[in-house]
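Hi everyone, thanks for coming.

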Amino acid sequence: MTPAYPDLKPSHVDGVSKVEMSLFNSRSDVKYYQIEVFDEEWVNIPFSTTYRIMKLDHKERKNFDVYIRNIDIDRAVYLCTTSKISKSKSTRPFVASKICSRLDGPQA
Amino acid sequence: MKYSAFILAMAALPAAANTEINGMVEAKCVIQTDTSGVYGNPTADKLSTANTDGGVIPIVRYDVAIADYYLAKITHPTEFSSSPALSDTVTWTGETSVFQTSDAGMSAYDTNKIVYGSTSEFDLTIAGSTWFKTTSTASYGFGKAFPGGNYTAIVVAECIAK
């Protein structure tokens with residue numbers, strides 16, 4: 001997932017900021033990724049996006065926007081994507097991956 | 001005649017055009033499953049990924065494009081994500097270590113790793129690829145046999161921007 005340190009931009013909605021992200025699926029054993037936003041203590045922060053769980057085929061890239069209320073911006077630290085485990089026993093992976101960008105870091 | 005010679009000369013000139021290819025290397029972390037793990041069942045009360053126990057050790061590969069941007073956190077299982085019904089406690093052990101590196105300097109990751117609970121944390125201070133292996137062992141009750149069925153547990157591999 002890129003960038004590591006995304007920019008927060010004003011959105012078309014008053015009081016809401018937008019983060020533009022890109023996700024690339026390098027895992028052939030995973031097709032679904034969940035988007036989450038956390039504070040410093042890994043407590044969930046409310047956010048909005050088109051699909052909280054995105055389907056990505058192997059080697060596919062998708063761009064997505066995450067919307068966070070300005071009142072939550074100061075608390076929001078991590079924007080993460082987590083691989084989702086399939087219920088199908090034949091394709092169930094042994095490894096779950098989670099990649100997090102920092103919303104409070106230096107701009108890339 | 002002169003005009004014809006000019007036309008021929010122009011036709012003989014090779015056509016050339018410059019096409020740019022642009023690219024940007026930005027900080028990013030990619031996690032891939034290099035080897036999927038399998039539990040072996042060497043004794044009735046034990047499931048283990050160790051090769052000597054008939055298992056396969058899961059190996060995860062981390063690729064970082066730019067040095068010193070990410071922490072790798074790898075957590076070995078402490079519960080089954082799916083299993084038959086279990087009536088007794090399961091004791092879990094596990095360990096994560098560097099298996100292979102694309103840069104000799106990455107061998108220091110093991111000595112500098114921080115372990116808390118079931119999680120091992122590595123500071124990815126060098127750009128390139130690092131392969132981590134995670135062992136996992138589950139022991140059931142006190143000399144009790146695991147019930148027959150499928151057992152799955154999950155290794156959690158995280159890459160967190162610093």
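Predicted model: local features only at pLDDT ≥ 70, side-chain atom pairs only at ≥ 80, totals over all residues.

Let's start with Lys9(A): its bridge partner is Lys18(A), in strand 2 of chain A. Residues are numbered from 1 along each chain as its sequence is written, and chains are lettered from A and ligands numbered from 1 in the order in which they are written.

Strand 1 and strand 2 of chain A pair in the antiparallel sense over three bridges; for two strands to pair, DSSP has to find at least two bridges between them. They belong to an open, antiparallel sheet of four strands in chain A, with the order 1-2-6-4. Its edge strands, each pairing on one side only, are strand 1 and strand 4 (48-49) of chain A.

What lies in the loop between strand 1 (8-10) and strand 2 (16-24) of chain A? Ser11(A) is found there. Leaving aside neighbours within four places in sequence, Ser11(A) is in contact with Val16(A), Ser17(A), Lys18(A) and Tyr67(A); contact means that the C-beta atoms, placed from the backbone, lie within 7 Å. Tyr67(A) is 56 residues from Ser11(A) in sequence, yet their C-alpha atoms are 7.7 Å apart.

Now to chain B. It has two helices and nine strands, in the pattern α-β-β-β-β-β-α-β-β-β-β along the sequence. Its radius of gyration, over C-alpha atoms, is 27 Å, well over the 15 Å that the globule rule gives for 162 residues, so chain B is more spread out than a compact globule. That rule is 2.2 Å times the number of residues to the power 0.38. The C-alpha trace of chain B spans about 105 × 35 × 25 Å along its principal axes, and buried residues make up 29% of the chain.

How do the two chains meet? 24 residues of chain B are in contact with 22 residues of chain A. On the chain B side, strand 1 (29-35) and strand 9 (155-161) are the elements giving two or more residues, and strand 9 gives the most, with seven.

That same strand 9 of chain B pairs with strand 8 (residues 95-102) of chain A, parallel, over six bridges. There, Ile99(A) stands opposite Cys159(B).

Which order do the strands take in the sheet of eight? It is an open sheet with mixed pairing, running 5(A)-3(A)-7(A)-8(A)-9(B)-4(B)-7(B)-6(B). Strand 5 (53-55) of chain A and strand 6 (114-116) of chain B are its edges, each pairing on one side only. At the chain B end, strand 6 pairs with strand 7 (residues 119-124) in the antiparallel sense over three bridges, and Tyr116(B) stands opposite Thr119(B).

Note on methods
Buried ≥ 20, exposed ≤ 12 C-beta atoms within 10 Å, placed from the backbone. Contact = placed C-beta atoms within 7 Å.
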